[in-house]
Amino acid sequence: MDSSEQGSSVSSTDVASGGNLPPGLTEEEAEEMQVELTKVEDEIQTLRQVLVAKERHAAELKRRLGISPLSEIKQNFTKGWHEVQCSNAYMRTSQTLGDLNRRVTSSNLYLTASSTLEEIGRSNAYKRTQETLSQAGHMTSAAFSSMGSTIRNQFGEMSSNFSMHHSLSMPAMRNSPSFKTFEDKVENMKDKVMGRSNGESDHSPTSNNTPF
């Protein structure tokens, strides 16, 4: 016997003993209601067990079909949005917005503003403004292009001047008195070193032909 049956039996005993009866309720009526309550609770318990079994079976079928929780959420969202679109409240709201849009677009203020914008677009002042902005854009692009060419030409002239100055300065430097003096000193030092090395070679023991 489960808890619901135990509770029902205890309640039936209490009813049978005539205790805790609500006002205006006889013992026979209380017993009939208690029996009906027991049946309903048993049916609820049975339905819960059936629901759990059905949920398990549905989960197994989804797993075998490859339906992931994410795809299931997407399907539920799509289904819910479709139900919202088909609802009377959504249809009334869409109809109200459509009527409001038609009223706004057909109003005199909207038509006047549209015609004013069209007149502005066709006016000479607007066209002159567009032409001025276009010319200013072309002039700006040409100015930047000319400035870039000027900078490149200046760098090229600087490089060529540096190379020419370097090539012209070398012969002039070689013909200068200071460079010639330096060359003379180097030649004198070279002669002294060569003369000393020749003298040492003449007095070396290997060059002496006197027999022992």
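Mentor: Buried means under 20% relative accessible area, exposed over 50%, and partly exposed in between (1.4 Å probe, protein chains only). Of the 212 residues of the chain, 4% count as buried. The model is predicted: local features need pLDDT of at least 70, side-chain atom pairs count only at pLDDT 80 or more, and totals for chains, interfaces and linings use all residues. Residues are numbered from 1 along each chain as its sequence is written, and side-chain values use heavy atoms, with hydrogens and water left out.

Trainee: What makes up the secondary structure of the chain?

Mentor: Seven helices and zero strands. From the N terminus on, the order is α-α-α-α-α-α-α. Helices (H or I, at least four residues) and strands (E, at least two) are DSSP runs, numbered from the N terminus.

Trainee: Why is the pair W81 and Y90 called edge-to-face?

Mentor: Ring centres (six-membered ring for Trp) must lie within 6.5 Å; planes under 30 degrees apart are stacked, over 60 edge-to-face, the rest tilted. W81 and Y90 are 5.9 Å apart, centre to centre, with 75 degrees between the planes. The distance is within 6.5 Å and the angle is over 60, so edge-to-face it is. The structure holds one aromatic pair.

Trainee: Why does W81 count as partly exposed?

Mentor: Its relative accessibility is 44%.

Trainee: What makes F77 exposed?

Mentor: F77 has a relative accessible area of 63%. That is over 50%, so exposed is the class. F77 sits in helix α3.

Trainee: Which residues form the nonpolar patch on the surface?

Mentor: F77, W81, V84, Y90 and M91, with about 530 Å² of accessible area together. The elements that give two or more residues are α3 (69-86) and α4 (88-105). α3 gives the most, with three.

Trainee: Where is confidence lowest and highest among the helices?

Mentor: Lowest in α1 (residues 3-16), at a mean of 48, and highest in α2 (residues 27-65), at 94. pLDDT is the predictor's confidence in each residue, from 0 to 100. The chain averages 76.

Note on methods:
Patches are made of residues with over 30% relative accessible area and no salt bridge: like charges are joined within 9 Å, nonpolar side chains (Val, Leu, Ile, Met, Phe, Trp, Tyr) within 5 Å. Accessible areas come from the Shrake-Rupley method with a 1.4 Å probe; for residues, only the protein chains shown count as cover. A salt bridge is a side-chain nitrogen of Lys or Arg within 4 Å of a carboxyl oxygen of Asp or Glu.
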